[in-house]
Amino acid sequence: MHPTSPDVDTPTIVVDIDVLSRNITAKATAVRTNGLQLRPHAKTHKIPEIASLQMEAGAVGLTVATIGEAEIFAEHGVHDIFSAYPLWVGRRAADRLRALAAGARITVGLDSCEAARATASSLGPAVGDIEVSLEIDSGHHRSGIAPEATVEVARAATEAGLRVTGIFTFPGHSYGPEMPVRAANDERRALAAASTLLTEAGFGIVHRSGGSSPTAGLLDIAASAATEVRPGVYVFNDAQQLELGRCSVDDIALSVLATVVSRHEGTKDIPRRIIVDAGSKILGGDRPAWTTGFGRLLDHPDARITALSEHHATIVWPETAALPALGSRLRVIPNHVCVAINLVDSVTVVSDGDVVTRWNVAARGRNS
């Protein structure tokens, strides 16, 4: 269901609160059943009302990417926040972290001896107020250190006065066909190796954090070295999760409501197509090579979004189906929902097809 009232302008991001709530409850239950804790990544939604639903469902805290995101959610009552990012903490960042730590438990990530020393120096007398988690590279090969380097970095951090209480990783290479299981196994091995080395060196590692949305459902306490997981996309799901087989159409809680503004039956050389008013400025431009287009249509699985301009989406329509009429409305699933949500100031919330409220994307643009 989706709102059809002309009072709802397009394009607009629509969140089905019934599907959203079901996704939140299902993930919380699954993680708890597997003996793990859930610390959702709030960079996906950036919305305090959704964070509240996640905390009410049993999340132990939130994950964020930036200090700015942490500030927003701390203002809205979240008291345990982990910035899962290798921060470089200068004077201004240290001032903000000290302010946050006055009212919440704050953990930051780092992945080098240099970052540890810089963080400690910038924090000054408050160096003991912030917890530190070391980022481990488990195969994504972005940031993070190899497990065998963790003891050196942990020693540098401890000598500088920081409290090293955990390790974390992001198995981002799970985003690809047939990759989630491999990435989950890579995560398990990397966290286990780093944890063993740190324990043998005398470090009390309490938290071992992992789990992207594609892998979080593949972990259990018997097979995982993690104590908690940090999925984000699961609250909404998106076209990538759909094409990876990590969700079904019924699990899609967010779509972009768009209007058909142009239609063409096509010719021998030009395909049948429609144009909707949702382009890259609301869908985002992500298109991994393995995806089938720049998003999917929620109610028309055989249609393909073949091109995006800033305000146009070109959709090639199946030969066996009638082209939608001009002015009709379609629900577009973004490829990468985290990007889409950061492009709007607010979202329309619906239940059973009726608009019930609007939520502000409070942490939008808080990139530092």
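Modeller: Start with Lys46, which is buried at a relative accessible area of 5%. Buried means under 20% relative accessible area, exposed over 50%, and partly exposed in between, with a 1.4 Å probe and protein chains only. This is a predicted model: local features need pLDDT of at least 70, side-chain atom pairs count only at pLDDT 80 or more, and totals for chains, interfaces and linings use all residues. Residues are numbered from 1 along each chain as its sequence is written, and side-chain values use heavy atoms, with hydrogens and water left out.

Biologist: Why is Lys46 called buried?

Modeller: Its relative accessible area is 5%. The cut-off is under 20%, so Lys46 counts as buried. Lys46 also has a positive phi of about 60° although it is not a glycine. Its place is in the loop between strand 2 and helix 2 (48-56).

Biologist: What makes a stretch a helix or a strand?

Modeller: Both are DSSP runs, numbered from the N terminus: helices are H or I with at least four residues, strands are E with at least two.

Biologist: Why is His141 called exposed?

Modeller: His141 has 63% relative accessibility. Exposed starts over 50%, so His141 counts as exposed. His141 has a positive phi of about 60° too, and is not a glycine. It lies in the loop between strand 6 and helix 6.

Biologist: What is the order of the strands in the open sheet?

Modeller: The sheet has eight strands in the order 2-9-8-7-6-5-4-3, with parallel pairing. Strands pair if DSSP finds at least two bridges between them.

Biologist: What makes strand 2 (37-38) and strand 3 (62-64) edge strands?

Modeller: Each of them pairs on one side only.

Biologist: How do you know that strand 4 (residues 80-86) and strand 5 pair?

Modeller: Five bridges join them, and they run parallel. Pairing needs at least two, so strand 4 and strand 5 pair. One example is Ser83, whose bridge partner in strand 5 is Val108.

Biologist: Which bridges carry the sheet on from strand 5 to strand 6 (residues 131-136)?

Modeller: Four bridges join these two parallel strands. Thr107 has Glu131 as its bridge partner in strand 6. The chain gets from strand 5 to strand 6 through helix 5 (residues 113-123), and this β-α-β crossover is right-handed. Strand 6 then pairs with strand 7 (residues 163-169) in the parallel sense over six bridges. Val132 has Val164 as its bridge partner in strand 7.

Biologist: What makes a crossover right-handed?

Modeller: Point the strands away from the viewer; the path from the first strand over the helix to the second must run clockwise. Strand 4, helix 4 (residues 91-101) and strand 5 also make a right-handed β-α-β unit.

Biologist: Why is strand 5 (residues 105-110) called mostly covered?

Modeller: Five of its six residues are buried.

Biologist: Which residues of helix 5 are buried, and what covers them?

Modeller: The buried residues are Cys113, Ala115, Ala116, Ala118, Thr119, Ala120 and Leu123. Their cover includes helix 4, strand 5 and helix 6 (150-159). Contact here means heavy atoms within 4.5 Å.

Biologist: What makes a space a cavity and not a pocket?

Modeller: Both come from a 1 Å grid over the protein atoms alone. In a cavity a 1.4 Å probe fits but cannot get out; a pocket is an open set with protein on both sides within 12 Å along at least five of seven lines. Lining residues have an atom within 4 Å of a point.

Biologist: How many cavities of 30 Å³ or more does the search find?

Modeller: It finds four in the whole structure. The largest cavity has a volume of about 90 Å³. Strand 7 gives the largest share of its lining, three residues. The second largest cavity has a volume of about 50 Å³.

Biologist: What volume does the largest pocket have, and which residues are closest to its centre?

Modeller: The largest pocket holds about 890 Å³ of space. Of its 38 lining residues, His41, Lys43, Ala65, Tyr85 and Arg142 are the closest to the centre. Strand 4 gives the largest share of the lining, three residues.

How values were computed:
Points joined across faces, edges and corners; volume = space filled by probe spheres on them.
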